[in-house]
Amino acid sequence: VGSTEEDGGRCFATMPASDCAVCLETFNDTDCVPARLPCCQRETSTFGVCLGCLEEICNHYTVEAGRVGKCPRCRERLYVSADGVVSKAPQPRGKCRMCCQERVLLDGGKCDACILGSQFELTYECDRCGRRQQIPHPMWRYQATPGEFGTTPWACHNGCDDYTRWRVIEADLGRVPAHDAPEGWRTLDQWLEQIREERLRVARARPGERRDRGRQGCVVS
């Protein structure tokens, strides 16, 4: 991330990117402070996101409550502390109490796939028998595009009596969360627009309130 400047023991980022890729506002030291991403940002990076948008992602586009969310570029799990410190989120591993697989565990001892699947229990089409089945797992993650069958099998209970491949039925495609769809679905812009609209809505509701993080900055732990 470009160069840095020291101020009171904190490291302020000065990045090549001049605008936030999410809200499209120009970086400043008040309400669009650039967040320094510890995951995929490099000195030559032209991608940048402000702390406000990163916090919005943590608050509304994650299966975890609080200050953990995914980087809008590489989807690394990030943690944003109350004073603006951005770091990679902890990765505690163990056996998920739902799927019983060894996974990174989140709230309640469950993995993010099981949590997300229970929130978005969609209907899928079997590639073998063509019948439909609700599956409490984000099987869309294994579909390269919306029209292709996924690469990871799931048990078909409609007569196949075997593990088969699946795809989200057309009627449920709109329910797939844009922030979690594979890159080939081309939903990144849709997700960023959702964040943008939410930040504008909040700004209109509180027109006299401006975030002042100019003296706090955004640092990496």
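Modeller: Contact means heavy atoms within 4.5 Å. Among contacts in the protein chain between residues at least 6 apart in sequence, 51% join residues at least 24 apart. The model is a predicted one, in which local features need pLDDT of at least 70 and side-chain atom pairs count only at pLDDT 80 or more, while totals for chains, interfaces and linings use all residues. Residues are numbered from 1 along each chain as its sequence is written, and side-chain values use heavy atoms, with hydrogens and water left out.

Biologist: What is the mean pLDDT of the protein chain?

Modeller: The mean pLDDT (the predictor's confidence in each residue, from 0 to 100) is 82, and 84% of the residues reach 70 or more. Where pLDDT is low, the predicted coordinates should not be read in detail. Residues 1–15 have pLDDT below 50, although this stretch has 43 contacts in the model beyond near neighbours in sequence. Residues 210–221 are also below 50, with 49 such contacts.

Biologist: How many helices and strands does the protein chain have?

Modeller: The chain has three helices and 15 strands; these are DSSP runs numbered from the N terminus, helices being H or I with at least four residues and strands E with at least two.

Biologist: How are α1 and α3 placed relative to each other?

Modeller: Two packed helices are described by the angle between their axes and the distance between the axes. Here α1 (residues 51–60) and α3 (residues 188–205) pack at about 100°, with axes 10 Å apart. The axes are lines fitted to C-alpha atoms, for helices over the stretch in contact, and angles run from 0 to 180 degrees between N-to-C directions. The two helices are therefore roughly perpendicular (65 to 115 degrees; under 35 is roughly parallel, over 145 roughly antiparallel and the rest oblique). On the α1 side, Gly-52, Cys-53, Glu-56, Ile-57 and His-60 take part, and they meet Trp-191, Ile-195, Glu-198 and Arg-199 of α3.

Biologist: How many of the residues of α1 are buried?

Modeller: Eight of its ten residues are buried, so α1 is largely enclosed by the rest of the structure. Buried means under 20% relative accessible area, exposed over 50% and partly exposed in between (1.4 Å probe, protein chains only). The buried residues of α1 pack against α3 and against strands β3 (34–35), β4, β5 (68–70), β6 and β7 (85–88). Over the whole chain of 221 residues, 45% count as buried.

Biologist: Which residues have the most contacts inside the largest nonpolar core?

Modeller: They are Cys-20 and Leu-37, in a core of 27 residues. A nonpolar core is a set of buried Ala, Val, Leu, Ile, Met, Phe, Trp, Tyr and Cys residues joined through side-chain atoms within 4.5 Å. At least two residues each come from β4 (49–50), α1, β6 (77–80) and α3, and α1 supplies the largest share, five. Leu-37 touches Phe-47, Val-49, Leu-54, Cys-71 and Leu-78, leaving out residues up to four places away in sequence. A second, separate core of 18 residues includes Leu-106, Cys-126, Trp-140 and Cys-156.

Biologist: Is Thr-123 buried or exposed?

Modeller: Thr-123, in strand β10 (residues 122–126), counts as buried because its relative accessibility is 17%. Beyond neighbours within four places in sequence, its contacts include Arg-132, Arg-167, Ile-169 and Asp-172.

Biologist: Where does Cys-100 lie?

Modeller: Cys-100 lies in the loop between β8 (93–95) and β9 (102–104). Its phi is near 60°, a positive value in a residue other than glycine. Asp-161, in the loop between β12 (154–156) and β13 (162–164), has a positive phi of about 50° although it is not a glycine. Cys-100 counts as partly exposed at 48% relative accessibility, and Asp-161 as exposed at 72%.
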